[in-house]
Every structure is written in C-alpha cells, then in structure tokens.
Amino acid sequence: MSLPPPTPGAWRDVRALVEVVFPAQQLSIEAQTERKSNAGQTLTSLGSYWKGRKPLVLVRACVLGALLPDTGDAEADLEVFELLMGMDDDAFEHRVRSVSKEDVVTWGGELRDRLLDADGRWLVSGGERQRLLGQVLKRMPYSDRLHRRSLRPEEMAPSAYESIWDRVNAHLGTTARSHAELVEQIGVARFGHRPRVGDPFSGGGSIPFEAARLGCEAYASDLNPIACMLTWGAFHVVGGDTRVRTRFQEARAAVIEAAEAEIARLGIEHDSEGNRAKAFLYCVEARTPDGWRIPMAPSWVISRNRRCVARLRPVQLEKRFEIEIVNDVTDEDLDRATRGTVQDEALVWSDGVNERRLPIATLRGDRRVGGETVTDLRRWDRSDFVPQADDILGERLYCVQWIDAKTGATFFRGVEHEDDERERKVERIVRENLERWQAEGLVPDMEIEAGEKTDEPIRTRGWTYWHHLFGVRSLLVNAQYLRQLRLVDDPIVAGALAFDLTTLADRSARLSRWEVGFPGRPGVAPSADAVKPVFYNQALNTLYNYGSRSFKHLSESLIRYEHTSAPIPSVSRLVRTAPAWEPTAADLYITDPPYADAVHYHEITEYFIAWLRRSPPAPFRDWIWDSRRALAIQGTGESFRRDMVRAYRAMAHAAPVNGVHVVMFTHQDTKVWADMAGIFWGAGLQVTAAWYIATETTSELKKGGYVQGTVILVLRKRAGAVSIYRDELVLEIRDEVARQIETLVGLNQRARGHGRSENLFEDSDLQMAGYAAALRVLTAYTRIDGRDMTAEALRPHTGEDSLVDDLIDFSVGVANEHLVPEGLDRQTWESINGSERFYLRMLDMESAALKKLDNYQNFAKAFRVDEWKRFMAKVSANSARLKSASEFGRGEFEGSDFGTSLVRAVLFGLYELQSEVEPEETLSHLRDQVTGYYRRRGDVITVATYLAAKLSRLRPEEASAARVLAGLVRNERLGA
C-alpha cells in the first residue's frame, strides 16, 4: 500500500497501526517495570491512594498506535513505532541507569576489555563509559535490560530522541522534530487538525496526561471530583512548567511556616524539655460488661529496632490497666509482646489472676435484625470527635515518639501527666471550634453514606460522619493547614496545594497503621517504624491501635515528597465532572472503564471529598463535589451493561466517522467477551483489533498468585446495517482468524531472521489477535440469521447460553485451533480435546520459560478447562508449573475428559517407564487406555515425540522416557 503525503485529510480512511500490529510482549515488560517502580511512578505523588492508573507507557503506545498509519509495511511500521516509544535497541544507549561489572562480564563480549581491566576495575568513565554500557545493555534480552538497569520511556529527555526524526520522517513523509510536531501533522492528515483525545472515565489521569504530553488536545471527565482533581494535577502540577513549580514551592513553604507558627504558639507538640513530638500512638480502650477497661491492640511491640514494647499492668481496684513503655527488652519480651489483647477477633486479657476472653462481636453486641447486622455501639453524632465516657469503645494515647531537642535522635516514652494535659488542651480547642470550623468548611460535616466499603466504620465503630475517622490532632492540624491554604491568591498554586491536604488526610487518621520497623538481615534492608497511609489498600479499615503524625513530621514529609516534573506542551486541556454518557467531542477515545470487581472509588474517595466540598480551591469550584454514587457505573449485570452501552454510544456519536476507540479492561471472567461484544454491538461500534498486555505486578500475598492483565480492544463506528447468515459467518470467522494469526506468526519469523532473540508476539498475543479477528467479523453485522444483534446482545441473561455466547465460544475455538504448538501437526491437534490442548500448549510455553500464572489462567478459559488447577504442580505468580507424569501418578482425573484421553494415557506410560515397569507391560497398558489405539498410533507417537522435545531441558529423565515410549510404539509388531 502506498501512503499518500500527510496533507489535511489525506489519511482519513487509512487504518491505524494498532489495528494491524502492536508489540505486546515488549509493552508487557515495560508496563510491569513501570508498575514495579511503585512510588517512583510519575503520577503517584498526586495520590498513591488511586491504585488503578494504567501505566503511562501503555497509554503512550495506545495513543501513538491509534494515530500512526498502517503503511502496508508492517515491519517498517513496527520499527518506527519502537523509535517513537524509546523501545528500539539504540534507545537503550540513552536509557542506561545502572549496568554492573557482572553484567559487563556476562553480556559484554569484546566490550569487556574496553570497560574493565584484568582486576575488574573500570577503564573508562563519564560519557564514554555510559555509551559503552548502553551497548552492553542492547545485548541483553529485553526483560533483563529493564530490571533496574534502564530509565523508563517516560523518564527519557527529549534530547534522547534527536537521532530518530530523519528515519521517522522518511517513512511517514512528515517533517517533525518532536513528538508534539509529529502528532499534530498526523492529526491534520487524519482529522484536519491536532488530534483530540477524550477520556470520560479519567480516574487517576494517566490517559489524558500522557495524551497531552505527546501533543494531543486532551479532554477528560469523570463523575468523581477527586478523579478530576488528580487529572487536573497531572496537567498542572506534574505537567506544569518551571515557573508554576517555583510558585508552588514558595507558597507551600509559606503555608507550612504559618501553620507551624500556630502549632508552636498553641504548645501542643513540645514537652517541657523542648523535645518535639514525631508521632502519637493511640489504642481503642474497651469497656467490658463487668466494668473493666481494656486497651486493645493485636501486638504491643512498638519498635523492634529499639526493642521497645508496651506492658500492661492491671489495676484491679479500678478495673483498668497502666501502660508502661519499656526499651531495650529481651527477645523473649519482644516475643511475648507480639501477643496483644486482640487475638482471633476476641479480646484477651488477664486481670492479674485469670486470663479472660470475650469475642469482639459479643462486646459490640453484634446481632442480626431484619436481615441486617446491628450492634450496641452508640452512633456518634455531628458534634462528636472523641468517644464519650460510657461508650463501649473508648480511645487512649499510650505512647509518644519524640525527637530529642539536643541530638535529633528519636525515642519512645510513655504518657506522662504533661502529655495528658496537652491532649486535653487539643480536645478543648477542637470542642470550642468544631461547629465553626465545620460551618467554614475547615473540617468535614458530611455524613457517611452506607455502602460496600463504608459500612465497616459505621458497624465496627459507630462513626457516622467523615470527621469521626480523624483523631483530635488530625482535625486541628488539617484545619490549620486548610485555613492557610485559602489565603493563597494564585488559583493554580491553590489547586496544587490541595494535594497537600489530601496527603495530610491520607497519612494521619484513626485508620493510619503504626507499622513496626524491621532491623534488617543479610540481603534484606532495614525499615523504620512509621505511621503508614490510610489507603494501603482500597478499603476503610478500622484499627484497634493507630498512629498520628505530628505536624512537624507531616510537613517534613510534604517537603521531601516532591511531585515529579514532566512538562506538557502548550495544548488545549479540559477537566470537568460529568457522567461518562456526556463526553466532550474527540477524535480518539481512550478509556479504562470500570468492570466487574473494580475498586469502589465512588465510595472511598468521599473520605477526601468531605474535606474539600464546602470551599474547594478556585480551579475546582465549578465541579460537582459529590461522589454521585447512584450514577456510578459499577459491577456486572444488566444495569452495568445498559450504562456501558449508554456511555459508548454517546462516545461513538461524539466522534468523527473515522474516529478510533481504544478500550482497556481487565478480563477475569469467562463471560467477559460475550458481555463486551454485546456492549459494543449496542453502542454501534465494531471491534477491529485486540491485544493482551500483562500490566499488573504480581504478589504472592494474593490468594493463588492472582495476576491481572489488560486487554486492549480497538473499535470504530459500524458502517450501516449489514445482515448475514450463521453458515456464512462461520466461514468468514475461520478465514479472518487464520489470516490474522498467520500474519503475526510471519512477523515473528521475520524478526528472528533479523537477529531478534525474542518473539514480537507470544501465544497469548496470538490468542487475543484471534479473538479480535472473530469479534471484528461478528460486530460488523447488525443482523445474524434474521436476529437484531443489538437487541439480542442486550437481552437480560437467563443463565442459558445466548446466540452471542455460542458465537463467542465458536470464535474462541476457531482461534485456538490455529494456535498449534510447534512440534505438533494440525491433524493431531484437532483430534484432541480442550484439556489435552491446555496441557500441551502450556508445556510449550514452559519450555520457552514463560511461566506467568496469567498465561495458565487465560488459556484455561480459552480451552474451557474449569478445573485447571488440578493440572498444576505450582501456582506461583511468576513460576507456575504443570504436573509432571510422575506427579500425576495413577490417581488423577478419574472419570474426567482428561482422565480418559490420549495425552493422559501417554503421561501414564511415561510414569510407568520411570517407575521401571517393563516396556512391553507399559505398551500393553497404553493399548488398553487409548480408545481406537491402532487408528491413533500416529497421534500417540506425535504426542510422545512432542513431550520428549519440550521436556528435554525441563525434565530430562521424563524426556528420555518419552523418547523410549515413542520408539516402542513406532517399532511394535502389529498383528503378531
């Protein structure tokens, strides 16, 4: 295909690159590397509580992929894409972060002698060393290059791209010298103007932010004002220029200075010796039915680094406990202190004579009434901010961490009389001012609405207003900071300072954990004792003991935790609060919609909304400061599908005829493809491509090594009403799936021919591309067998498979039929069932060292293997493994389709040979177990030979048994 010059509108009908090819494997590695940088991610400083941001590298890839044209030369198109992404080999000379001497020895080849002398000392330094290390980096496999060795693409300076523009322009016919210039020229060629990217599910802001950084106009909206605030911050704080950052830093210093002066005047954080408090440790204090007051904590260890614990001493006459803080205790004392007064959801204590135990549910009086759980806890009202004397659950300050006025060292001390006096003073100040502060919007006055994530504070503590989640010191400090913030005249700076308020709220509340530090050990770094943020996960977790940072500690953390600088070109940007079905017109819609078990941000962000809603800073005043839960698109089921159709139909209407839609979603559900097909049918959109990206980092703490990936769907408006009959559709799907998969396999082969050591596309990519090809065919038609597919797709689910489900199942089957592992012939592949295909396919991936659990999960769904874990010897996130023949043994899968299959019979044969069963007896058992054995001997030989090849490195003894078995069958005497 010859691409016309990029004149206005010349590329109006040219396919986008992402509709043809997309380097999913490299992007997966880049995306996971970005995720693993944790707090180092570009937008995290604005609000680490928003965990669902898509990686910026993936967003950049989607924007460029949707804009770049398909020139007809897929190999050259991919090369230009990699250049623009900073993912080509030469880019790693600019991406070098840290290449070790060990790396040079392992990968450097002849470069080793130019970098290191015979004793392993560096021979060169400065720019020359950096240049040579970049060449070493290029020799490593892609995943090894990124592991702590390279800058991420979004960290690269514009100067790193200076050498690419001649090649890019030669391929595209453009004249750009920067990404922004190129994006504008492509936008003019496609749409007649600079491209406009819309995201009506803006969330944490990564999509509009990265689109704007590339030079697109960016229009973002979200129902949630906190999401809009994060997107605004991405534009104006992270994306702000040097002048904005300087004004912000100066204003922040003035606000902190003024608030600090007021804290000092009140005298609530200094002791009589001039020491300054760093953290205050509180615990819940329970009142038992017989009048005892019991301090509650799962552990009374305060610091392992300081060997500091709290000891409880009963005062029997007063039915209470003294709490003594003891330093430099023994190992036995530390171990004893780990067993707190909260154990297995029960209150456990000794009155000095007997150990006593009371379930916490009984203490609260939990019971079911009319289908709901009720308790005996008093419901706090708007004027409450501390427990009342006769409440079942009280509160107590039990320890203070101090900063020594002379040495600056920290130490822990128990609560003394003057500490109690200061505590009462803080309570008195808050009591005298609370009503006025609430009226002025300096302290929340917003009720907690019941919900899935907000029921816990109400049920377990009786808290009914958002300010109840904050201790007295947090209320005082935040009110002082907010008062000073309101004195800032510059609207951009005032908006930027609002992120300090959300940071204060996240780092010091009744939900802030006191995390005991770790002294370290060889190979593991120590960690400090610390008050942790509230949102370490996406929930409102009530605690039995918590930490509250002093203003000194909070302000120092604000100053240290600077926002990343990633300036945005001068392009049009807009953020507004609006439901997704009211989008701003755009040429490209790139969205990350909620799906299934998405985080309930519409509930938990009310934690922050409550602080800002009364008087938000100037940039946010036109927004609707309410979470509007009733309008939130969430969950699954009919209402979710209706809302999604409404949203995407509105986007389709607001986009030009040649507009491109890119939808990112996490697929965890066997019905996801049918649901999404139905949604897009109903919205008038047609799927043109799909790609699978492993975006999420893994955690062994997640049950079963749970891993998430992201499916990228590319869509365009469906052109008119088109009908087809099912028989014709089947043939079209088969042809389209085969064409798509063969195209990508061909690109793999050409890439290897050019010396690339890794595939561009792995099996999971080919599988997704096959699904996309099927969906591309399916969603092109409005009527199938005379049925209106929009109505059919949106028909309420009855539990039975619909026509849509049947067609998707067929499409999945067609895609998987074309994914024949190397070493098997198509005839054998088509003769075996889904569970056999699953085992052989995953063994092929294991032989290539691809052992991520999400691959097993995805292919189990594809092959309809519900009990896939029965095949697994190990389900770790990054080192999953199938069972060997010996691990299957004799007793696995009795009565199942796998238990009676040819592959299972072959594995049993391997088990017997390794167990030293006589070969002729093994062969006899094989004949008995394989139905139609003599007709299927060829398949048995093929499978055994395949197993021998794939197991040669994984399990050599089993591979040897497979070769023996293949020989036995090949050489057996037939008819003897």
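**Notebook: loops, charges and buried pairs**

I began with D344, which lies in the loop between strand 8 (342–343) and strand 9 (346–350). I took helices (H or I, at least four residues) and strands (E, at least two) as DSSP runs, numbered from the N terminus. The model is a predicted one, in which local features need pLDDT of at least 70 and side-chain atom pairs count only at pLDDT 80 or more, while totals for chains, interfaces and linings use all residues. Residues are numbered from 1 along each chain as its sequence is written, and side-chain values use heavy atoms, with hydrogens and water left out.

**Entry 1: positive phi**

I noted that D344 is not a glycine, yet its phi is positive, about 50°. D344 counts as exposed because its relative accessibility is 72%. For these classes, buried means under 20% relative accessible area, exposed means over 50%, and partly exposed lies in between (1.4 Å probe, protein chains only).

I then looked up R628, a residue other than glycine with a positive phi near 45°. R628 sits in the loop between helix 22 (606–612) and helix 23 (638–654). At 18% relative accessibility, R628 counts as buried.

**Entry 2: helix 11**

I asked how many of the nine residues of helix 11 (residues 206–214) are buried. The count is nine of nine, and the helix is mostly covered. Among the buried residues of helix 11 I listed F209, E210 and R213. G215 follows helix 11 and has a positive phi, near 110°.

**Entry 3: salt bridges**

Side chains of opposite charge can pair when their charged atoms come close. I counted a salt bridge where a side-chain nitrogen of Lys or Arg is within 4 Å of a carboxyl oxygen of Asp or Glu. By this rule I recorded 67 salt bridges.

One of them joins E736 and R776, with the closest N and O atoms 2.8 Å apart. This pair links distant parts of the chain, since E736 is in helix 25 and R776 in helix 26 (residues 763–778), 40 residues apart. Both E736 and R776 are buried.

A salt bridge also forms between E972 and R937, whose closest N and O atoms are 2.8 Å apart. E972 lies in the segment after helix 36 (956–971) and R937 in helix 35 (residues 937–950), so the pair ties together parts that are 35 residues apart in sequence. I found both E972 and R937 to be buried.

For R936 and D939, the closest N and O atoms of the salt bridge are 3.5 Å apart, and both residues are buried. I also noted a network of salt bridges that links R97, R152, E154 and E155.

I placed D419 in helix 16 (residues 417–440). Is D419 buried or exposed? D419 is buried, with a relative accessible area of 4%. A polar atom of the D419 side chain lies 2.8 Å from the backbone nitrogen of E416.

R382 is in the loop between strand 12 (372–374) and strand 13 (393–403). With 35% relative accessibility, R382 counts as partly exposed. I recorded 8.6 Å between the C-alpha atoms of R382 and M446, which are 64 residues apart along the chain.

**Entry 4: D735**

Lastly, I placed D735 in helix 25 (residues 726–753). D735 counts as exposed because its relative accessibility is 55%.

Conventions: Polar contact = N/O pair within 3.5 Å; in protein donor to acceptor, adjacent residues only side chain to side chain.
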